[in-house]
Amino acid sequence: MKKTVVITGSSRGIGAQTALKFAENGYNVVINYNHSKEKALNLLSVIRTKGTDAIALKADIANPSECEYLINKSIEEFGHIDVLVNNAGIAQQKLFTDISRNEWIHMFDVNVHGMFYCTQNAVRNMISRHKGKIINVSSVWGVTGGSCEVHYSACKPAVIGFTKALAKELGPSGIQVNCVAPGVIETDMNSELKLSESEIEEIKNETPCMRLGTPQDVSEAIFFLSEPSS
Ligand code: NAD
């Protein structure tokens, strides 16, 4: 039976590259987007040329009922979910004293609460099959903290804590929960942060391979974590 992967926030960046990686490996792919319908549909047609099945579903990950729709519709379409990648995320650079209550709440709604809603819905299907993989996308800022990104840096350790606890709870049910914590990756998220040349050079110098990461680097790690251990 063909496996199915659901990837939140997969119209671009790490999510889109991950969708391609799973498609190349024969998975049914569920692309999720919120506003970027055109990009999602372009990706859908690229994936279909690879001879695998895919659908694109609009769902705002910050909204519990839309997360429920995303998961239920994926199960209705493909019968089951083998892998859920909680990738959708937002970032913002702002002085701590300028972060509004709404910005703080929205950051958690997308980066943390959306992961909770999608996972809870997907796990019900996985438990009944006694198998499944959940891969969450944290960040190095969740480990080290990032100046002028306190709200983002507060969300990403929550992803790590969620992952560790759920891995213990679901391991006995045959479900593995992992996360990746990428360093700085070349995507729109960072271009929107408008880092200066000198900031980018500084980041490269602090990175062991002396370069920024790519969406492909992260997609390889996510795919590795989704495969059964031999
Ligand atoms: P990106 O901005 O290109 O992609 C983020 C995706 O999430 C987009 O497709 C966006 O539309 C989607 N999204 C945002 N809000 C959404 C919502 N409410 N509902 C549905 N989708 C929504 O950035 P990226 O770098 O590809 O980020 C992917 C993940 O990787 C994020 O969780 C991010 O925090 C994490 N990450 C990124 C970096 C980096 O340097 N780029 C580093 C570490 C971790």
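## Exercises on the ligand and the pockets

An oxygen atom of the ligand is placed 3.3 Å from a polar backbone atom of Gly9, a polar contact being a pair of N or O atoms within 3.5 Å. The model is predicted, with local features needing pLDDT of at least 70 and side-chain atom pairs counting only at pLDDT 80 or more, while totals for chains, interfaces and linings use all residues. Residues are numbered from 1 along each chain as its sequence is written, and side-chain values use heavy atoms, with hydrogens and water left out.

**Exercise 1.** Describe the polar contacts and the surroundings of the ligand.

*Step 1.* The ligand is surrounded by 27 residues, the closest being Arg12, Asn87, Tyr152, Thr187 and Asn190 (a residue is near if one of its heavy atoms lies within 4 Å).

*Step 2.* By class, this shell holds 12 nonpolar, 12 polar and three charged residues, where Asp, Glu, Lys and Arg count as charged, Ala, Val, Leu, Ile, Met, Phe, Trp, Tyr, Cys and Pro as nonpolar, and the others, Gly among them, as polar.

**Exercise 2.** Locate the space taken by the ligand and describe its lining.

*Step 1.* The ligand takes up the largest pocket (more than half of its atoms lie within 2 Å of the pocket's grid points). A pocket is an open set of points on a 1 Å grid over the protein atoms alone, where a 1.4 Å probe fits, with protein on both sides within 12 Å along at least five of seven lines, and lining residues have an atom within 4 Å of a point.

*Step 2.* The largest pocket holds about 1200 Å³ of space, a volume being the space filled by probe spheres set on the points.

*Step 3.* Its lining has 49 residues, and Gly89, Ile90, Ala91, Thr187 and Met189 lie nearest the centre.

*Step 4.* Helix 7 gives the largest share of this lining, five residues (helices are DSSP runs of H or I with at least four residues).

**Exercise 3.** Describe the second largest pocket.

*Step 1.* The volume of the second largest pocket is about 310 Å³.

*Step 2.* Among its 17 lining residues, Val140, Pro182, Gly183, Val184 and Thr207 are the closest to its centre.

*Step 3.* Helix 9 contributes the most to this lining, with three residues.

Terms used
Helix = DSSP H or I, 4+ residues; strand = E, 2+ residues; numbered from the N terminus. Polar contact = N/O pair within 3.5 Å; in protein donor to acceptor, adjacent residues only side chain to side chain.
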